[in-house]
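Me: Hi! Could you walk me through this one?

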Amino acid sequence: MAGRTVRVRGLPADLPPDRVADKLTIHFLRSRNGGGEIADLQVLPGPRGCALITFEAPEVARRILAVKDHVLSVGGRKYPLEVTEHVAELSPDEVVRG
């Protein structure tokens with residue numbers, strides 16, 4: 001999954017996670033937003049709304065990261081999103097082989 005996953009922050013806290021996931025899917029599928037086919041989307045629990053989106057192809061993630069301003073529109077409100085590359089954190093129990 002390396003290079004295909006982005007982290008999205010700035011999600012609407014007042015919406016249920018399944019609605020947020022639907023809105024993110026629509027936004028990040030659109031080619032005008034640099035999007036493409038999504039392999040996995042997870043809205044993570046917590047006070048600072050965050051989601052991980054994994055795309056089918058790494059070039060889609062690169063295009064998404066190249067777009068400077070992602071704004072999610074929900075019910076007439078606009079939510080500026082912070083989109084960054086997701087770097088998986090390894091747990092001490094994982095073994096990395098080169």
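Predicted model: local features only at pLDDT ≥ 70, side-chain atom pairs only at ≥ 80, totals over all residues.

Here is a short chat about the fold, an aromatic pair and one histidine.

Me: Good to know. How many helices and strands does the chain have?
Reply: You'll find 2 helices and 5 strands. Starting at the N terminus, the order is β-α-β-β-α-β-β.

Me: And what share of the chain is buried?
Reply: Of the 98 residues, 36% are buried. The accessible surface is about 6500 Å², with 51% of that belonging to carbon and sulfur atoms.

Me: What about contacts across the sequence, how much comes from residues 24 or more positions apart?
Reply: Such residues make up 60% of the contacts with a separation of 6 or more.

Me: Switching topic: how many aromatic pairs are there?
Reply: The count is 1 aromatic pair. Phe-28 and Phe-55 form it, edge-to-face, at 6.5 Å centre to centre and with 70° between the planes.

Me: Which parts does that pair tie together?
Reply: Phe-28 belongs to helix α1 (residues 17-29) and Phe-55 to strand β3 (residues 50-55), so the pair links parts that are 27 residues apart in sequence.

Me: Are those two buried or exposed?
Reply: Phe-28 and Phe-55 are both buried.

Me: Now His-27, where is that found?
Reply: His-27 sits in helix α1.

Me: Why does His-27 count as buried?
Reply: Because its relative accessibility is 7%, and buried means under 20%.

Me: Which residues does His-27 touch?
Reply: Leaving out residues up to four places away in sequence, His-27 touches Asn-33, His-70, Val-71 and Leu-72.

Terms used. Residues numbered from 1 in each chain as written. Heavy atoms only, no water. Helix = DSSP H or I, 4+ residues; strand = E, 2+ residues; numbered from the N terminus. Buried < 20%, exposed > 50% of the residue type's maximum accessible area, 1.4 Å probe, protein only. Contact = heavy atoms within 4.5 Å. Areas by Shrake-Rupley, 256 points an atom, 1.4 Å probe, with all protein chains shown as cover. Phe/Tyr/Trp six-rings, centres within 6.5 Å; stacked < 30°, edge-to-face > 60°.
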